[in-house]
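The following note sets out points for a colleague who has the sequence and the coordinates at hand. Each point takes up one topic.

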Amino acid sequence: MVTSRQLFGATLLAVLGVALAPPPLSTAADEADGVEQGRQALDRERFPWYDKQADAPRPVHVDVPWNITTSNRKSNFPSWNLGGIGIGEWLAILVLTAALVALVWLLMRAYLNREETVVTVDSARVRQAAVDDAARIEALPFRIRRRDIDLLDEARRLYEAGKYGEAMVYLFSYQLVEMDRHQVIRLAKGKTNRQYLRDLRRQPSLREIIERSMVAFEEVFFGGHVLDRARFEAVWHQLGQFTSFVTQQARP
């Protein structure tokens with residue numbers, strides 16, 4: 001489709017071509033006749049750039065539709081195509097990557113929260129166990145100097161140091177506390193060692209081990225006797241059997 005601007009250009013080129021062409025050898029009458037013919041031709045056609053009354057060209061205003069301008073601008077806008085991948089595909093990749101990063105972050109956060117919960121629960125259990133052990137030691141039928149130590153570790157330390165009488169005190173204390181922890185007996189203030197033995201009447205094997213420990217303990221703690229190594233080791237070497245009996249015969 002030929003636009004008005006193109007038509008005007010073609011006509012103007014034609015007029016210029018005629019104007020710039022070398023004049024033919026003719027008379028003045030021929031030239032006047034040619035001008036008149038050109039004017040008549042312009043009069044017969046309606047050209048928007050020609051003013052008949054003034055016999056002169058006039059400006060032409062061409063309105064360009066908005067959608068054509070927008071289309072041209074879009075066509076001139078640089079197209080993003082990186083490595084054969086369009087901008088839409090790049091956006092999809094970025095969104096997917098962001099989603100994966102968010103998922104990994106959430107999983108790590110959940111794992112760390114779980115670890116913190118486990119550590120918190122374990123710490124709470126340790127603290128509660130320490131409180132319970134302190135209460136058990138307080139309920140023993142005799143007094144020991146410290147309530148914030150591991151009784152078995154202290155008994156082993158004293159044994160290795162050759163202090164068998166003191167080691168026996170902590171070993172017997174450990175046995176009573178351990179039986180209470182596994183609910184084999186129930187420590188309570190006012191109960192005597194003989195009463196704890198009666199609580200074990202249905203467990204003769206365990207009762208025999210505890211009675212041997214109790215007798216050695218009472219000789220040291222109440223009688224002030226010196227306990228030799230052989231006597232202590234006779235009780236110490238039954239520690240594995242004691243642990244097995246307590247675990248197996250614990251109350252349901």
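Predicted model: local features only at pLDDT ≥ 70, side-chain atom pairs only at ≥ 80, totals over all residues.

1. The side chain of Lys191 forms a salt bridge with that of Asp199, at 2.8 Å from N to O. Asp199 is likewise partly exposed, with 32% relative accessibility.

2. **Overall make-up.** The chain contains ten helices and four strands. Read from the N terminus, the order of elements is α-α-β-β-α-β-β-α-α-α-α-α-α-α. The chain has 252 residues, and 24% of these count as buried. The accessible surface amounts to about 18,200 Å², and carbon and sulfur atoms account for 59% of that surface. Where contacts join residues at least 6 apart in sequence, 56% of them are between residues at least 24 apart.

3. **The nonpolar core.** The largest nonpolar core is made up of 42 residues. Within this core, the residues with the most contacts are Met168, Leu171, Leu176, Met179, Phe232 and Phe242. At least two core residues come from each of helices H5 (151-160), H6 (164-181), H7 (193-199), H8 (204-221), H9 (229-236) and H10 (239-248). H6 provides the largest share, with eleven residues.

4. **Phe242 and Glu178.** Apart from neighbours within four places in sequence, Phe242 contacts Tyr174, Gln175, Glu178, Met179, Leu206, Ile209 and Ile210. One of these residues, Glu178, deserves a separate remark. Glu178 is located in helix H6, and its relative accessible area of 14% places it among buried residues. With neighbours up to four places away again set aside, the contacts of Glu178 are Phe242 and Val246.

5. **Aromatic pairs.** The structure has ten aromatic pairs. In one of them, the ring centres of Tyr164 and Phe232 are 6.2 Å apart and the ring planes meet at 35 degrees, so this pair is classed as tilted. Because Tyr164 belongs to helix H6 and Phe232 to helix H9, the pair ties together parts of the chain 68 residues apart in sequence. Both Tyr164 and Phe232 are buried. The two residues also belong to one aromatic cluster, together with Tyr159 and Trp236.

6. Side chains of opposite charge can pair when their charged atoms come close. The structure has ten salt bridges. Arg156 is bridged to Asp153, with 3.2 Å between the closest N and O atoms. Both residues of this pair, Arg156 and Asp153, sit in helix H5 and are three residues apart, about one turn of the helix. Arg156 is partly exposed at 30% relative accessibility, and Asp153 is partly exposed at 44%.

7. **A bridge between two helices.** Arg231 and Glu219 also form a salt bridge through their side chains, at 2.9 Å from N to O. Arg231 lies in helix H9 and Glu219 in helix H8, twelve residues apart, and the pair thus links distant parts of the chain. Arg231 has a relative accessible area of 33% and is partly exposed; Glu219 is partly exposed as well, at 28%.

8. **Glu218.** Which residues does Glu218 touch, not counting those up to four places away in sequence? Glu218 is part of helix H8, and it touches Asn193, Arg194 and Gly223. The C-alpha atom of Glu218 is separated by 9.8 Å from that of Phe172, a residue 46 positions away along the chain.

9. **A nonpolar surface patch.** Leu96, Leu100, Leu103 and Leu107 make up a nonpolar patch on the surface, and their accessible area together is about 400 Å². Leu103, one of the four, belongs to helix H4 (residues 87-138). Its relative accessible area is 45%, so Leu103 counts as partly exposed.

Definitions and conventions:
Residues numbered from 1 in each chain as written. Heavy atoms only, no water. Patch = residues over 30% accessible without salt bridge, like charges linked within 9 Å, V, L, I, M, F, W, Y side chains within 5 Å. Areas by Shrake-Rupley, 256 points an atom, 1.4 Å probe, with all protein chains shown as cover. Salt bridge = Lys/Arg side-chain N within 4 Å of Asp/Glu carboxyl O. Buried < 20%, exposed > 50% of the residue type's maximum accessible area, 1.4 Å probe, protein only. Core = buried A, V, L, I, M, F, W, Y, C linked by side-chain atoms within 4.5 Å. Contact = heavy atoms within 4.5 Å. Phe/Tyr/Trp six-rings, centres within 6.5 Å; stacked < 30°, edge-to-face > 60°.
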